[in-house]
Amino acid sequence: MKYRLAALVSAAVVVGALVVPAWTASDSSDALNEWELTIDLEPLASIRVAVPGEKTPQLFWFLRYTVSNHTGDDQIFAPDVFLYTDTGDIVRSGKDVPPVVFARIKSSYNDPLLKDQISIGGKLLQGEDNAKNGVAIFSNFDPKAGTVEIFFGGLSSYAETLTLPVPVTVTEFDIRGRAREVEKTEIQLNRTLRLKYRHPLDPNGKPRDNELKLVSQEWVMR
């Protein structure tokens, strides 16, 4: 089943894993130059892959999608995708994911056009004929997590600079995926797609730790 997502603004602003009260941006003529890409999502899935150097197959999660451009101009697509759990895990798409995992997923779906986190980036031409098929892959996280959220950035040009009433500490990542804590008095927030998942229950009422079900989707400023 595919989910085509409408352009909705959330009632919350998300800074890293921190949620702060909502705010309303003022109208501006710059809005005429804003763009937003269209994304079709497949259900979040898991796969176990025999990774070189590991004795047992490792569990990975992946989100397949198709992104297309109907903005009226060619755009640069640079996906920035993170997974958060309610137990505190922060997992960046592609981090600690061996190439064999992408190869296994690509082979499983027999999709020669499927692209990974890196190769899908770049110019996205207009129209359905130029749509790209991609996959965001995550290493496994805490199996005790009850709620999992994925933040998908790079789909919209809309951004605002927010001056904070008090300084906050946020987690930033460099181009190698290394995290560091930084104190901010103002931050740039970008329109980001937030997907929220929970483990469905088995017949005995226990969570299925290898399955996640989408329970909500919205646009937030992050």
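Asn-110 is found in the loop between helix 1 and strand 10. The model is predicted, so local features need pLDDT of at least 70 and side-chain atom pairs count only at pLDDT 80 or more, while totals for chains, interfaces and linings use all residues. Residues are numbered from 1 along each chain as its sequence is written, and side-chain values use heavy atoms, with hydrogens and water left out. The protein chain has 1 helix and 15 strands (DSSP runs numbered from the N terminus: H or I of at least four residues for helices, E of at least two for strands).

**The chain overall**

- Of the 222 residues in the protein chain, 41% count as buried (buried is under 20% relative accessible area, exposed over 50%, partly exposed in between, with a 1.4 Å probe and protein chains only).
- The protein chain exposes about 12,600 Å², and carbon and sulfur atoms supply 49% of that area (Shrake-Rupley method, 1.4 Å probe).
- Among contacts between residues at least 6 apart in sequence, 69% join residues at least 24 apart (a contact has heavy atoms within 4.5 Å).

**Loops on either side of helix 1**

- Gly-94 lies in the loop between strand 9 (90-92) and helix 1 (99-108).
- With a relative accessible area of 37%, Gly-94 is partly exposed.
- The C-alpha atoms of Gly-94 and Gln-117 are 6.5 Å apart in space, although 23 residues separate the two in sequence.
- Asp-96 has its place in the loop between strand 9 and helix 1, and its relative accessible area of 58% makes it exposed.
- Most residues other than glycine have a negative phi.
- Asp-96 is not a glycine, yet has a positive phi of about 60°.
- Asn-110 is not a glycine either, and its phi is positive at about 50°.
- Asn-110 counts as exposed, at 67% relative accessibility.

**Aromatic pairs**

- A search of the whole structure finds 5 aromatic pairs (rings of Phe, Tyr or the six-membered ring of Trp with centres within 6.5 Å; planes under 30 degrees apart are stacked, over 60 edge-to-face, the rest tilted).
- The ring centres of Phe-62 and Tyr-109 are 6.0 Å apart and the planes stand at 75°, so this pair is edge-to-face.
- Phe-62 lies in strand 6 (residues 58-68) and Tyr-109 in the loop between helix 1 and strand 10 (122-124), so the pair ties together parts 47 residues apart in sequence.
- Phe-62 counts as buried at 4% relative accessibility, whereas Tyr-109 counts as partly exposed at 36%.
- Tyr-65 and Phe-152 form an edge-to-face pair, 5.1 Å centre to centre with 90° between the planes.
- Tyr-65 is in strand 6 and Phe-152 in strand 12 (residues 147-153), and the pair links these distant parts of the chain, 87 residues apart.
- Tyr-65 and Phe-152 are both buried.
- Ring pairs also link Tyr-65, Phe-77 and Phe-152 into a cluster.

**The largest pocket**

- The largest pocket holds about 580 Å³ of space.
- Its lining has 23 residues, and the closest to the pocket centre are Asp-80, Thr-171, Gln-188, Asn-190 and Arg-222.
- A pocket is an open set of points on a 1 Å grid where a 1.4 Å probe fits, with protein on both sides within 12 Å along at least five of seven lines, and lining residues have an atom within 4 Å of a point.
- Strand 8 (80-85), strand 13 (159-173) and strand 14 (179-198) each supply at least two lining residues.
- Strand 14 gives the largest share of the lining, 8 residues.

Conventions:
Grid points are joined across faces, edges and corners, and a volume is the space filled by probe spheres set on the points.
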